[in-house]
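I opened this notebook to record what I looked up in one structure.

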Amino acid sequence: MANEIICHIKRRKEECVILKVDFEKVCDSVNWDFLIYMTRRLGFLSNWIMWIRGCLESSIVSDLVNGSPTEEFKLEKVLRHGDPLTPFLFLVVSKSLVGTVRQAENKNMLHGVKVGQKEININMLQFAYDTLFICKPPFENILVIKSMLRCFELASSVKVNFNKTKLGGFDVLHSKLLRFSEILNFRTMNIPFIYLGMPIGGNHRRRTFLEGND
């Protein structure tokens, strides 16, 4: 889907900014109270909420100090690493970010790109922990995205990993991209770029592109 959207933008020769957002140590930082709050907002039945809380609060760990384990203690944050339930729980948390993006779009504060015959507005793609923002290059859009990410961080305790978060663009002046990167504290990236292990933004009809050598 990301490649189809990028190809559509390139055919139309539209200005576009792409933000590839990476969240820092997702499993180690999720606020449980916020997670439970989101389950209620999303209409989970009370039994499901109780089961999810039970899975969270049953986590007991101990640390190794000089090779010897400490007494076991309960966690107050953290999603279990390797637990098949963990990606789904993060999706529940990230629904708050999705909702904020939708509100910004409805209030005409965030402008994405329109694709397809029905001119569907696209401003965000998300798969598990990986998020792409796709928007027009006006300065106001960048400020709105920065504000939304900050609000998401304050509510969920999930922080942006600035070492891995990057931005790029099509038909956007390099000087403007540099200004955006300074505002967001993101690094710039070349296009095509890698997203979910796949190259995005190149000529997908070429074999070398699919092999990652384009």
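Is E153 buried or exposed? I note first that the model is predicted. I found a relative accessible area of 19% for E153; the cut-off for buried is under 20%, so E153 counts as buried.

**Entry: helix 5 pair.** I then looked up the partner of E153. The side chains of E153 and R150 meet in a salt bridge, with N and O 2.9 Å apart. Both residues lie in helix 5, and because they are three residues apart they are separated by about one helical turn. R150 is partly exposed, at a relative accessible area of 44%.

**Entry: salt bridges overall.** How many salt bridges does the structure hold? I recorded four.

**Entry: R12 and E119.** I looked up the salt bridge between R12 and E119, whose closest N and O atoms are 2.8 Å apart. This pair links distant parts of the chain, 107 residues apart: R12 belongs to helix 1 (residues 2-12), while E119 sits in the loop between strand 6 (113-115) and strand 7 (120-122). R12 is partly exposed, with a relative accessible area of 36%. E119 is also partly exposed, with a value of 34%.

**Entry: E14 and K136.** I noted a salt bridge between the side chains of E14 and K136, at 3.1 Å from N to O. Here too distant parts of the chain are linked, 122 residues apart: E14 is in the loop between helix 1 and strand 1, and K136 is in the loop between strand 9 (130-135) and helix 5 (139-156). E14 is buried, at a relative accessible area of 15%, whereas K136 is partly exposed, at 25%.

**Entry: network.** Which residues do salt bridges with shared partners join into one network? I listed R12, E14, E119 and K136.

**Entry: strand pairing.** I turned next to strand 11 (residues 166-170), which runs antiparallel to strand 1 (residues 16-24) and is joined to strand 1 by five bridges. C16 has F170 in strand 11 as its bridge partner. Strand 11 also pairs with strand 12 (residues 187-188), in the parallel sense and over two bridges. In that pairing I found L167 opposite T188 of strand 12.

Entry: What do strand 11, helix 6 and strand 12 make? I recorded a right-handed β-α-β unit, with helix 6 spanning residues 174-184.

Note on methods:
Residues numbered from 1 in each chain as written. Predicted model: local features only at pLDDT ≥ 70, side-chain atom pairs only at ≥ 80, totals over all residues. Heavy atoms only, no water. Pairing = 2+ DSSP bridges. Helix = DSSP H or I, 4+ residues; strand = E, 2+ residues; numbered from the N terminus. Right-handed = clockwise from strand over helix to strand, strands pointing away. Buried < 20%, exposed > 50% of the residue type's maximum accessible area, 1.4 Å probe, protein only.
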